[in-house]
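Hi everyone, thanks for coming. I'd like to walk you through a few local features of one structure, so please have a look at the screen.

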Amino acid sequence: MRYEECGSPVAMMAAQSKLLFQLNKYYQERVQARKAAVSKTIREVCKVVQDVLKEVEVQEPRFISSLNEVNGRFEGLEVVSPTEFEVVLYLNQMGVFNFVDDGAVPGCAVLKLSDGRKRSMSLWVEFITASGYLSARKIRSRFQTLVAQAVDKCSYRDVVKMVADTTEVKLRIRERYVVQITTAFRCGGIWPRSAAHWPIPHHAWPNPNLVAEVKTEGFNLLSKESMYMKDKQSSAEGDAWVISFMEAENKLLKGGSRKRCLSILKTLRDRHLGMAGHPIENYHMKTLLLYECEKHPREIEWDESCIGDRINGILLQLISCLQNRRCPHYFLPHLDLFKGKSPTAMDSAAKQSWVILRELLTNSRSLEKL
């Protein structure tokens, strides 16, 4: 038997270098093309959104646009898919409120007027309920009215319109793109009680310095509908704010080839898993990548030469989550990111993910087709 035969170290190294070559080629061709196209769309979309927000600000100076370009990136912009975007609009002054996350609405928190503080001390006085809560729903409703008026007045009024039949603030641009604008408060330097278990003790990743950095970054409170509110109709739920860890997650994915890995997963998702019912979103990929970081805590495991193994591991985990009908949120694992998804769509997605994984595992040139 020759030493180079299958299973030997030489054959395995040859297979690995072949996979690395294919992945690099895929990144240069498919991933970079996706990035360039998305980048072009972002510029086009942000021009329109900035114009709309400028009009909003003229009518109501409390809603100041925070959609600014910093080092080539637009602050608060998240790519949901190549045609869907979310812009987080950061509001000012939350000082007179206490942040309360008592778990009444999973994944949400309320902002309650601090003891001894008068309503009149708040910039948002008319949105405070009789019980002293700053209502996410009331702010969103007012913002929606302002955006609708701004759309009619702005210089892009021929190419932009409001998406009807939703309490969210959504714009359709050039009949091709949908942008959700979500009002929010930044909560820096504090950490929610519902995520107090993180990081899990004795886990090697993330290291204590990174944990401290992430917790200092804090989180955002978003005024948007939550799947968990849909079951509950009481007004208190509508006043609650959705907790978002977007910046914290991005901080965790710095270093090694983590972001490269995520870009490849997003490209695979857009090309092969963007099916009806949206069972798999880019956020699911990002979440599973964070869990993979815990399973492979050493930096050497995120070297470029290991990307193939990491992607296969994440796809396996994705299939398992789809089959079990559950994908736990990384910071709030009691939240299921598949809540509300149709079982049929999840079955189709699991089958399609198997096809991709089988190709990657059995065909060294699979990425040329994917």
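Let me begin with handedness: α8 and α9 cross in a left-handed way. This is a predicted model, so please keep that in mind throughout. Helix α8 covers residues 307-324 and helix α9 covers residues 343-362. Their axes are 9 Å apart, and the packing angle is about 155 degrees. That angle makes α8 roughly antiparallel to α9, because anything over 145 degrees counts that way.

Who does the touching? On the α8 side, the residues include Ile-311, Leu-315, Leu-318, Ile-319 and Leu-322. Across from them, α9 brings in, among others, Met-346, Ala-350, Trp-354, Leu-357 and Leu-361. By residue class, this contact divides into 14 nonpolar, 3 polar and no charged residues.

Staying with these helices for a moment, the loop between α8 and α9 holds Arg-325. Arg-325 is not a glycine, yet its phi is positive, about 60 degrees. Is this residue buried, exposed or partly exposed? Arg-325 is partly exposed, with a relative accessible area of 30%.

There is another positive phi to show you. Asn-71, also not a glycine, has a phi of about 50 degrees. You'll find Asn-71 in the loop between β1 (69-70) and β2 (73-74). Asn-71 is exposed, at 78% relative accessible area.

Why point these out? Because most residues other than glycine have a negative phi, and most peptide bonds are trans.

The peptide bond from Trp-198 to Pro-199 is cis, with omega near -5 degrees. Trp-205 and Pro-206 are joined by a cis bond too, with omega about -5 degrees. Where do these prolines sit? Pro-199 is in the loop between β9 (177-187) and α3 (208-217), and Pro-206 is in the loop between β9 and α3 as well.

Last stop: Asn-220, in strand β10, residues 219-222. Asn-220 is buried, with a relative accessible area of 3%. Which side chains make polar contacts with the side chain of Asn-220? One is Tyr-90, at 3.2 Å, and another is Glu-247, at 3.0 Å. Leaving aside neighbours within four places in sequence, Asn-220 is also in contact with Phe-185, Arg-186, Val-242, Ile-243 and Ser-244.

Key: Residues numbered from 1 in each chain as written. Predicted model: local features only at pLDDT ≥ 70, side-chain atom pairs only at ≥ 80, totals over all residues. Heavy atoms only, no water. Axes fitted to C-alpha atoms, helices over the stretch in contact; angles between N-to-C directions. Helix = DSSP H or I, 4+ residues; strand = E, 2+ residues; numbered from the N terminus. Parallel < 35°, antiparallel > 145°, perpendicular 65-115°, else oblique. Left-handed = near helix turned anticlockwise from the far one by under 90°. Contact = heavy atoms within 4.5 Å. Nonpolar A, V, L, I, M, F, W, Y, C, P; charged D, E, K, R; others polar. Buried < 20%, exposed > 50% of the residue type's maximum accessible area, 1.4 Å probe, protein only. Polar contact = N/O pair within 3.5 Å; in protein donor to acceptor, adjacent residues only side chain to side chain.
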